[in-house]
Each structure stands twice: as C-alpha cells, then as structure tokens.
2 protein chains.
Amino acid sequence: MSRDETDPISRAEQSEGTAGTACCAEVPKVEEDTVVADVQLLSALGNDTRYELVRRIRAAESDVCVCDLEAAVGLSQSAVSQALSRLYSAGLVTRRKEGSWRYYSLTDDAEQLVETFDALRTDDE
Amino acid sequence: MSRDETDPISRAEQSEGTAGTACCAEVPKVEEDTVVADVQLLSALGNDTRYELVRRIRAAESDVCVCDLEAAVGLSQSAVSQALSRLYSAGLVTRRKEGSWRYYSLTDDAEQLVETFDALRTDDE
DNA sequence: CTACTATATTAGAATATGCTTATATTAGCA
DNA sequence: TGCTAATATAAGCATATTCTAATATAGTAG
C-alpha cells in the first residue's frame, strides 16, 4: 500500500522563523495530536515492567489475572496493579471482572505493536 | 504469516514459586533480551521531543541537519543534539557528515515503526 | 455482621529523565 | 596560525517516573 496520501503529516509548510537559512530544506511541521497520541502509547510500552507484562499476557493461552502476573514479574501487587492501569488507560489491555479477579488481555493495538517488534527482529535489518 | 513459531517467547514453563495457585493458568516467562531490546526502542521513541524529531525527519524530502531541527522543535541546540544522539544509539536514525553539518535520516526500523502507528490510526480499531 | 482475598488507590521516597548553561570538539576559511 | 560556525559533551537543576508500604474498596464465605 502507498502511504504517501494517508500520511498524517502536513508537508511543505512554513517553518517558524528560519525561512532563509543556509544549510538545508524546510522541515515540515508535524500534527501535534499525532505526536501526543503516539507518544502516549510508546511511553506506556517503553518500560521494562509494563512491556514484560504485555509480553506475558500475550504469551499466555488465555487472559491472565493480576495475582499470577504479580508472581511472574517479581514486584509488589501495587506495582503490578499500577502498571496494568497505565496500560489500560493507554488502550493496550482490556480487563474483565470475574468474581474478585480481574483478567487482563491485550487489545488489537498492543497485539499489532508487539508483532511489529517481532517482525523487526526477524527481518534483522 | 503465522507467528506462532517465530514467537520469541518460551511457552508453558514453570513460573517462579506459584505452581499450585488457584486462580488461573501459568504465566510463561519472556525472553529477557527481547524485553530489554524492545524497551530500548520504545523508550527512545516515547518522548515528545524525540518522536517529533523522528516525525519531522521522516516528513522531510531529504535528510535533515541539526540546525533546522533545532529551529523546528523550539529547543536549544544542546537538547536537540542530545535527543538525536539517543535516537542514534537506539538505532532509529543514521547520520552522515557533510562539512561541519550532520544530516540525519531514519533507519528502516524507525520507518517501519512510524508506519505501524499510522496504520493503527488509519484502521481506527 | 466479620473475616479473608483480590485488586485499586494514595503517599512518599529513591531514582531517572530532559532540559539549560557552559565548555569541548571539529570543520572551513582568512 | 586564529576566528567563526555547527555539533557534541558535561554538569547540574527541576521535574517525572516507579517503586514500596499503607490504606481503601469490592467480592466471597462463614
């Protein structure tokens, strides 16, 4: 698929205050919302604890409860709960309540991102 | 492509110390190196300044010198240099020297990651 | 009701991050 | 050589992050 049209970046636009500089071309501005939204996802995943949780949830056959994740990553219950909350508000996991347990699983976004990283490693470019 | 075989996660394995717990299945362990390597990339991208730099470099027609990026993101020369260094050591940008200028462009990894994010937004799942 | 279990939330301390300022390096030119 | 421009690096401060410990909430069982 060609991505030039769907690209959310506005091209060829006045940069702010450096119109006639010497060294190279204008640098187009980037959609502010795009940056903020993507960084939200990236920074939620860009942490050892949270990324390991995502990986473990994905590797499990079914959805996973907090108590088992807690044992798996070796942190306090509170730390795991906070990490999962952050992943939840970033839209990377969903949760389902069953009795007093909460079962977490990945969203499609998270699945796709993890797959992309696996692909990068596989292509070893 | 089926990803079940290339998946770098070791499945169905003793979790550490919670063998007979009640609530749910075992949580497989995750390759430590995988987590560390991916988080390296994710945390490098997961910052407003650095992600905006990546977006701007990508949006430019050719590779971009530090001075123009500096003007574009509105931070000090030092801040931009540090951000680009971080992106460089994460393997997200390459740099080429021409005279006293340094021209930065994206690596294939960075291209692919940004494309993935655009795709997530486009599919609006 | 009480007691217990699973999870969430709050508070606070230790550490990490990201900027600015100042200084170092490197290239080009007189 | 010395001067200037482009970039990199170092030091330090302000703020953000991420834990732990303590407490709150909700659900289950007696």
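**View 1. The open sheet of chain B.** In this predicted model, chain B has an open sheet whose three strands come in the order β1-β3-β2, with antiparallel pairing. Look at who has neighbours here: β1 and β2 of chain B stand at the edges with a single partner strand each, so one side of each has no neighbour in the sheet. If sheets are new to you, their strands pair through backbone hydrogen bonds, and the pairing can be parallel or antiparallel.

**View 2. Strand partners in chain B, pair by pair.** Let's start with β1 (residues 64–65) of chain B, which runs antiparallel to β3 (residues 101–106) of chain B and is joined to that strand by two bridges. Zoom in on Val64(B) and you'll find Tyr104(B) of β3(B) opposite.

**View 3. The hairpin turn of chain B.** Follow the chain from β2(B) into β3(B) and you trace a hairpin, with two residues between the strands. Have a look at Gly99(B) in the turn, where phi is positive, at about 65°.

**View 4. The sheet of chain A.** Over in chain A, three strands form an open sheet in the order β1-β3-β2, and the pairing is antiparallel. Its edges are β1 (64–65) and β2 (93–98) of chain A; each has a single partner strand, so one side of each is left without a neighbour in the sheet. Between β1(A) and β3 (residues 101–106) of chain A there are two bridges, in the antiparallel sense. So which residue of β3(A) is the bridge partner of Cys65(A)? Here you're looking for Tyr103(A).

**View 5. A helix across the strands of chain A.** Next up is α4 (residues 77–89) of chain A, a helix that lies across β2 and β3 of chain A. Compare directions and you get an angle of about 120° between α4(A) and β2(A).

**View 6. Two helices crossing in chain A.** Here α2 (residues 48–59) and α5 (residues 108–122) of chain A cross at roughly 95°, their axes coming within 11 Å. That angle makes α2(A) roughly perpendicular to α5(A). On the α2(A) side, the contact is made by Tyr51(A), Val54(A), Arg55(A) and Arg58(A). From α5(A) come Glu111(A), Val114(A), Glu115(A), Phe117(A), Asp118(A) and Arg121(A). Sort this contact by class and you get four nonpolar, no polar and six charged residues.

**View 7. The buried side of α3 in chain A.** Which residues of helix α3 (residues 66–73) of chain A are buried? They are Val66(A), Asp68(A), Leu69(A), Ala72(A) and Val73(A). These residues cover an arc of only 160° around the axis, which puts them on the same side of α3(A). As for what covers these buried residues, you can pick out α2, β1, α4 and β3 of chain A, among others. Just past the end of α3(A) sits Gly74(A), with a positive phi of about 70°.

**View 8. Stepping back to chain A as a whole.** Count up the elements of chain A and you get five helices and three strands. Along the sequence, they follow the pattern α-α-β-α-α-β-β-α. Of the 125 residues in chain A, 45% are buried. And if you take the chain A contacts between residues at least 6 apart in sequence, 46% join residues at least 24 apart.

Methods: Residues numbered from 1 in each chain as written. Chains lettered and ligands numbered in written order. Predicted model: local features only at pLDDT ≥ 70, side-chain atom pairs only at ≥ 80, totals over all residues. Heavy atoms only, no water. Pairing = 2+ DSSP bridges. Helix = DSSP H or I, 4+ residues; strand = E, 2+ residues; numbered from the N terminus. Contact = heavy atoms within 4.5 Å. Axes fitted to C-alpha atoms, helices over the stretch in contact; angles between N-to-C directions. Parallel < 35°, antiparallel > 145°, perpendicular 65-115°, else oblique. Nonpolar A, V, L, I, M, F, W, Y, C, P; charged D, E, K, R; others polar. Buried < 20%, exposed > 50% of the residue type's maximum accessible area, 1.4 Å probe, protein only. Arc of directions from axis to C-beta.
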